[in-house]
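Visitor: Could you take me through one part of this model up close? I'd like to look at the nonpolar core and the helix packing around it.

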Amino acid sequence: MKTSIELLASYQGNRSQVLKDKRIQQEISLADYLSDEEREDLLHTRNMSRIVSHCNFAIQTIGYPIGEKVDEKHLSILSEIEVAIIKKRLEEGLGFDEIGKVYGYSPAVSKDIFSKALRKLTKHIRDNTVGNEKE
């Protein structure tokens, strides 16, 4: 599979070739810009992105069970404010506006801190799970 930079370079090179003679009336498609393999790579990447997007939407729609405790050993990788916001959101079920009022942040900033902390947390958990499976 080609990298996005390689796909961009191929697109730009082929685009220049296609556009050299503008006088000829022609219909332009992806085939004019990308090879069959590159189109497959592009469509595969787009499909995977769509799947991930649907999964993320499903997880956000389902939400998090209120009162679920987060393991302290995982929380150790987060800053104090990240731990506090994670606990308020996941364990107490508070909304971002309520969390923001407690810590003096806007709801958007509270959500941003929560999202970043959640990404750190899930990455840490994935890394530890993969490490344990290898042993």
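**The core and its helices**

Guide: Buried residues, meaning those under 20% relative accessible area with a 1.4 Å probe and protein chains only (over 50% is exposed, in between is partly exposed), make up 22% of the 135 residues in the chain. A word on the ground rules: this is a predicted model, where local features need pLDDT of at least 70, side-chain atom pairs count only at pLDDT 80 or more, and totals for chains, interfaces and linings use all residues. Residues are numbered from 1 along each chain as its sequence is written, and side-chain values use heavy atoms, leaving out hydrogens and water.

The chain has seven helices and zero strands, taken as DSSP runs numbered from the N terminus (H or I, at least four residues, for helices; E, at least two, for strands).

Now for the core. A nonpolar core here is a set of buried Ala, Val, Leu, Ile, Met, Phe, Trp, Tyr and Cys residues joined through side-chain atoms within 4.5 Å. The largest one holds 15 residues, and Val70, Leu75, Leu78, Ile86, Phe114 and Leu121 touch the most other members. Two or more residues each come from α5 (80–91), α6 (96–103) and α7 (107–134), with α7 giving the largest share, five residues.

Zoom in on Leu78: leaving aside residues up to four places away in sequence, Leu78 touches Val83, Ile86, Ala117, Lys120 and Leu121, where a contact means heavy atoms within 4.5 Å. Phe114 sits in helix α7 and is buried, at a relative accessible area of 4%. The C-alpha atoms of Phe114 and Arg89 are 8.1 Å apart, though 25 residues separate them along the chain.

Arg89 also turns up where α5 meets α6: Ile81, Ala84, Ile85, Lys88 and Arg89 of α5 touch Phe96, Ile99, Val102 and Tyr103 of α6. Those residues split into seven nonpolar, no polar and two charged (Ala, Val, Leu, Ile, Met, Phe, Trp, Tyr, Cys and Pro count as nonpolar, Asp, Glu, Lys and Arg as charged, the others, Gly among them, as polar). The angle between α5 and α6 is about 140 degrees, with their axes 10 Å apart; axes are lines fitted to C-alpha atoms, for helices over the stretch in contact, and angles run from 0 to 180 degrees between N-to-C directions.
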